[in-house]
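Biologist: Could you guide me through a close look at one helix and the loops beside it? I would like one connected account that also places this part within the rest of the chain.

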Amino acid sequence: MSYKDDVSERLWAWAQRKHEGQLDGIEKEGRPPVLLKEFEAENILIAPDGLHAEEVRAAIPKGKRHRWFRSLRSSQALAQSVFANVKAYGRLDLLQSVRAECGRPAFYHDNQSWTLDLEQKITTLNEPRPTEIDVLFQSSDRRVAVECKFMETEFGTCSRTGLSKDDAQYCNGNYEIQQSRKERCALTEIEIKYWQYLPELFDWSSDMDYAPCPFGETYQLARNALAAMLSPTGEFDLTSGHMLIVYDQRNPAFQTRGSGEQQWQKALASCRVPGLLRRISWQRLLSAFTGVEELKWLPDELEQKYGFLFCPEE
């Protein structure tokens with residue numbers, strides 16, 4: 001059975017047990033179960049005794065929920081189920097011992113004065129539509145920008161190549177002056193600050209042509225890295241943090257020759273800052289909750305709903 005079919009079968013089995021009368025009634029081949037609008041909050045895992053339910057469900061306001069939050073395949077609902085519960089139970093300390101695949105701490109060395117927020121806007125890049133980080137950890141002088149993936153097949157890419165050629169912001173995929181612009185990047189032309197900082201993080205020069213543009217395919221990865229390096233007041237510091245990807249290790253997109261894996265390797269190969277790009281699987285992250293009495297229900301629920309089996313650190 002393929003990865004997609006296996007997960008879909010599990011999600012439908014979960015929906016039939018947990019969401020009777022709450023689904024939208026549309027059953028098409030390849031379509032995951034989707035909750036009715038009035039039941040979308042039920043997509044978030046809550047402790048069986050209901051402890052902290054209100055706080056966990058409020059961690060992402062309704063206005064910040066993604067379009068397909070109601071889908072049981074939603075990676076946003078998954079992220080909220082895990083990280084909002086960790087926050088609500090006051091157990092950010094559990095994450096300090098978790099290691100990323102590179103051997104460095106996935107999150108932080110210690111739990112002193114760290115905060116956790118979901119769907120946090122980054123307003124220091126002068127974006128018309130500010131970057132929103134799935135999960136942002138912050139201390140007084142450091143940040144960890146977390147991007148959560150589940151069944152996605154790739155990381156986000158620059159949207160300017162998908163515009164009409166008549167649009168002034170259209171890009172042909174190369175980092176070069178085109179259209180009637182004066183800047184090589186259409187985003188720089190409208191004063192977005194990506195290329196002001198990208199050469200500090202990656203082996204990319206802002207004053208030479210590239211074909212194709214190295215930022216285009218690694219757009220989401222590089223943008224999250226930028227978010228980790230900029231303080232809330234816009235101060236840029238190469239030692240201030242890192243970005244972390246959390247992904248499903250079963251997903252072929254993040255395995256050898258997968259599209260997401262290729263994007264990751266391209267970004268990693270160009271990265272100038274050791275430890276800036278880190279990743280961990282959901283399966284490995286479950287190690288943080290092993291033996292923790294108040295959260296022992298969470299790995300069980302994650303296994304039953306999503307099929308995540310605990311994978312111990314090697």
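Modeller: Glu191 is found in the loop between α4 (186-189) and α5, where helices are DSSP runs (H or I, at least four residues) and strands are E runs of at least two, numbered from the N terminus. This is a predicted model, in which local features need pLDDT of at least 70 and side-chain atom pairs count only at pLDDT 80 or more, while totals for chains, interfaces and linings use all residues. Residues are numbered from 1 along each chain as its sequence is written, and side-chain values use heavy atoms, without hydrogens or water.

Glu191 has a positive phi, near 70°, although it is not a glycine. With a relative accessibility of 58%, Glu191 counts as exposed (exposed is over 50% relative accessible area, buried under 20%, partly exposed in between, for a 1.4 Å probe and protein chains only).

Helix α5 covers residues 194-201. Its residue Tyr194 is joined to the side chain of Glu127 by a polar contact of 2.3 Å (N or O atoms within 3.5 Å, one able to donate a hydrogen and the other to accept it; sequence neighbours count only if both atoms are side-chain atoms). Glu127 lies in the loop between β1 and β2, and its relative accessibility of 10% makes it buried. A second polar contact, of 2.7 Å, links the side chains of Glu127 and Thr131. Leaving aside residues up to four places away in sequence, Glu127 touches Ile122, Ile192, Tyr194 and Arg223 (contact means heavy atoms within 4.5 Å).

Tyr194 and Arg223 also take part in the packing of α5 on α7. The axes of α5 and α7 (residues 219-229) come within 10 Å and cross at roughly 90°, so α5 is roughly perpendicular to α7 (65 to 115 degrees). On the α5 side, the contact is made by Tyr194, Tyr197, Leu198 and Leu201; α7 contributes Tyr219, Ala222, Arg223, Ala225, Leu226 and Met229. By class, this contact has nine nonpolar residues, no polar ones and one charged residue.

Beyond the end of α5, the loop between α5 and α6 (214-217) holds Pro212. The peptide bond that joins Ala211 to Pro212 is cis, with omega about 0°.

How does this part relate to the nonpolar cores? The largest core has 49 residues, and Phe83, Phe107, Phe137 and Leu285 touch the most other members (a core is a set of buried Ala, Val, Leu, Ile, Met, Phe, Trp, Tyr and Cys residues joined through side-chain atoms within 4.5 Å). The elements that give this core two or more residues include α1 (3-18), α3, β1 (115-122), β2 (131-138) and α10 (297-306). Phe107 touches Phe83, Phe137 and Leu285, among others. A second, separate core of 35 residues includes Ile192, Trp204, Ala225 and Val273. Ile192 is one of the residues that Glu127 touches, and Ala225 belongs to the α7 side of the helix contact.

For comparison, consider α10. Seven of its ten residues are buried, so α10 is largely enclosed by the rest of the structure. The buried residues of α10 include Trp297, Leu298 and Tyr306, and its buried residues pack against α1 and α3. After α10 comes Gly307, with a positive phi near 85°.

Definitions and conventions. Axes are lines fitted to C-alpha atoms, for helices over the stretch in contact, and angles run from 0 to 180 degrees between N-to-C directions. Angles under 35 degrees count as roughly parallel, over 145 as roughly antiparallel, 65 to 115 as roughly perpendicular and the rest as oblique. Ala, Val, Leu, Ile, Met, Phe, Trp, Tyr, Cys and Pro count as nonpolar, Asp, Glu, Lys and Arg as charged, and the others, Gly among them, as polar.
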